[in-house]
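Hi,

Here is the structure I promised to pass on. Have a look at it first, and then read my notes below.

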Amino acid sequence: KKKKKKKKKKKKKKKMDFWKDKVVVVTGGTDGIGKALVENLLLLGAKIATCGRSIDKLHQLSIQFVQFPLFYKIADLSKESECAIFIQSVLDHYQKIDILINNAGITMKAE
């Protein structure tokens, strides 16, 4: 039984090591699944870049994770020009993107 416990710890450590210092872009990171991804990936050691349409929600996220590598920008990704500006600002900030999680979307109730 002891050997199994050691293997689990090593496996968990490998999972954390995978995310360590990876630059992960999560679009739509202020609500729902996107926000959960941002929160969890920051805790796993990733460097996060996210965007949303609400500066208030982005600001709240930044306050919640003030000690973490979180870059954010207001952007409406239904506009191609804002997509380009967001991605370029991420590259300017982190110099690379390792993973893109394209989570932003619109719904009938979108504000």
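This is a predicted model: local features need pLDDT of at least 70, side-chain atom pairs count only at pLDDT 80 or more; totals for chains, interfaces and linings use all residues.

Let's start with helix α2: the face turned away from its buried side carries Gly32, Ile33 and Leu43, which are exposed. Buried here means under 20% relative accessible area, exposed over 50%, and partly exposed in between, using a 1.4 Å probe and protein chains only. Helices (H or I, at least four residues) and strands (E, at least two) are DSSP runs, numbered from the N terminus.

Residues are numbered from 1 along each chain as its sequence is written, and side-chain values use heavy atoms, with hydrogens and water left out.

Back to α2. Its buried residues are Gly34, Val38, Leu41 and Leu42. Looking down the helix axis, you'd see the buried residues of α2 fall within an arc of 100 degrees, so they line one face of the helix; the arc is that of the directions from the helix axis to the C-beta atoms. After α2 comes Gly45, whose phi is positive, near 100 degrees.

Now for the core. A nonpolar core is a set of buried Ala, Val, Leu, Ile, Met, Phe, Trp, Tyr and Cys residues joined through side-chain atoms within 4.5 Å. The largest one here has eleven residues, among them Trp19, Val24, Val38, Ile48 and Phe65. Both β1 (23-27) and α2 (32-43) supply at least two residues of this core, and the largest share, three residues, comes from α2. What does Ile48 touch, not counting residues up to four places away in sequence? Its partners are Val24, Val38, Leu41, Leu42, Pro69, Leu70, Phe71 and Tyr94, where contact means heavy atoms within 4.5 Å. There is also a second, separate core of nine residues, including Val23, Ala49, Ala75 and Phe86.

Strand β1 is worth a look too. Five of its five residues are buried, so β1 is largely enclosed by the rest of the structure. Val23, Val25 and Thr27 point one way from the strand, while Val24 and Val26 point the other way. β1 pairs with strand β2 (residues 47-52) in the parallel sense over five bridges; two strands pair if DSSP finds at least two bridges between them. Opposite Thr27 you'll find Cys51 in β2.

Ser89 sits in helix α4 (residues 80-94) and is buried, with a relative accessible area of 13%. A polar atom of the Ser89 side chain lies 2.6 Å from the backbone oxygen of Phe86. Asp76 is in the loop between β3 (70-74) and α4. The side chain of Asp76 makes a polar contact with the side chain of Ser78 (2.6 Å). A polar contact is a pair of N or O atoms within 3.5 Å; within protein, one must be able to donate a hydrogen and the other to accept it, and residues adjacent in sequence count only if both atoms are side-chain atoms.

Cheers
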